[in-house]
Amino acid sequence: MSLNKDSQKGDVFLGSQPTPGRPKGFLDAYSEIQQYYLVERSSGTISVDFLTLAGKLAFFEVGFKGAFISGLISAFLTPIAIGVVEKYLPIFGSYDPNGYDKFFAFMLAIGFTVGYACMFASLGKYFIGEITKTAIKNLLFGVAAGAIIKAILAFLAFHFIYYVLLEPQFLANWLQKISWLVKHDSLNALYRWLLEFRPVFLISAYFVLFTTTLLVTIPAAGIFLGSRKTSNIISQENEWK
C-alpha cells in the first residue's frame, strides 16, 4: 500500500496492493492497520467507505480464525496441563511436579492464548482515525466471536467426555470390547486410571471459560489503554506545533 496525495485536491489514495483491505492472516491485518494509522495521522482521516464490506469481513475472519484456532490448541492442552498438576500425568519423567513444573504445565495451557491475545492488544496504539478504528473493531469482533464459539464447543465436549464417555458403566462396556487385544490386568489398570483422571475434564471445561475471558479482555483492555496513550502523545505534539 502506498500513499499519494493530490496537491490540488488534497485527496488521499491508498493502494499498491492488488486487494487492499483484504488481509489473509494476522500479519497482513497488522500491516494494513499500521499503514492506515500512518496515513490518517499524517494526512487526515480516510473515509470509512474505503474499507468495503468485503474488507470488514476479511478483518473479522482473521480475528475469528486466530481466536478459534489458538483456542482449540489451548483447549486440547488444558487436560494435559491439569493432569500434570493433579499428578495424573508425568512431566519431565516425574509424577511429583515441583513449583517450576506446575508453572510450566500451567503455561502450556494458557501460554498460546495469552501470547495471541497480547499480539492483538498491541494494536491499541494505532486506534486513531476512522478507518483504523473500523479495521481494529472488526478484528476484535472476530476474536470475540471465535473465542466464544470455541469455548462453547470445548465446554460441551469436556462435559460429554465426563458424563458419557467416562461414565463408569459405559467405560467398562467399551473396554470389554477390546479385551481380546489387551491383558485383563492392563484393562483394569486403565479403567481405574481413567476414572481417576475423569474429573480433570470437568475442571478443564471451566478453565477453558477462564482462558476465553483472557483472550477477549486482554485485547480489549490493551486497545483501550493503547489508544489513550496514543491520543495523549498526539495532543502533546499538536500543542508543540
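Predicted model: local features only at pLDDT ≥ 70, side-chain atom pairs only at ≥ 80, totals over all residues.

Student: How many helices and strands does the protein have?

Tutor: Helices (H or I, at least four residues) and strands (E, at least two) are DSSP runs, numbered from the N terminus. Here there are 7 helices and 2 strands, and their order along the sequence is β-β-α-α-α-α-α-α-α.

Student: What share of the residues counts as buried?

Tutor: Buried means under 20% relative accessible area, exposed over 50%, and partly exposed in between, with a 1.4 Å probe and protein chains only. Of the 241 residues of this protein, 38% are buried.

Student: How does one check the length of a helix?

Student: Which residues of helix 6 are buried, and which are exposed?

Tutor: An α-helix has 3.6 residues a turn, so residues three or four places apart point the same way. In helix 6, Leu-187, Leu-194 and Phe-197 are buried. Seen down the axis, the buried residues of helix 6 fall within an arc of 95 degrees (taken from the directions from the helix axis to the C-beta atoms), so they line one face of the helix. His-184, Asp-185 and Arg-192, on the other side of helix 6, are exposed.

Student: At what angle do helix 5 and helix 6 pack?

Tutor: Axes are lines fitted to C-alpha atoms, for helices over the stretch in contact, and angles run from 0 to 180 degrees between N-to-C directions. Helix 5 (residues 168–176) packs against helix 6 at about 150 degrees, with the axes 11 Å apart. Helix 5 is therefore roughly antiparallel to helix 6, a term for angles over 145 degrees. Contact, meaning heavy atoms within 4.5 Å, involves Pro-168, Leu-171, Ala-172 and Leu-175 of helix 5 and Leu-187, Leu-190, Tyr-191, Leu-194 and Leu-195 of helix 6.

Student: Is Leu-171 buried or exposed?

Tutor: Leu-171 lies in helix 5 and is buried, because its relative accessibility is 3%. Leaving aside neighbours within four places in sequence, Leu-171 touches Leu-165, Leu-166, Tyr-191, Leu-194 and Leu-195. The C-alpha atoms of Leu-171 and Leu-195 are 8.8 Å apart, although the two residues are 24 residues apart in sequence.

Student: How are helix 1 and helix 4 arranged?

Tutor: Helix 1 (residues 26–43) and helix 4 (residues 130–165) pack at an angle of about 160 degrees, with their axes 8 Å apart. These two helices are therefore roughly antiparallel to each other. Their contact includes Ala-29 and Ile-33 of helix 1 and Ala-135 and Leu-139 of helix 4.

Student: What is the phi of Lys-87?

Tutor: Most residues other than glycine have a negative phi. Lys-87 has a positive value, near 70 degrees. Lys-87 is in the loop between helix 2 (53–85) and helix 3 (99–121), and counts as partly exposed at 43% relative accessibility.

How values were computed: Residues numbered from 1 in each chain as written. Heavy atoms only, no water. Parallel < 35°, antiparallel > 145°, perpendicular 65-115°, else oblique.
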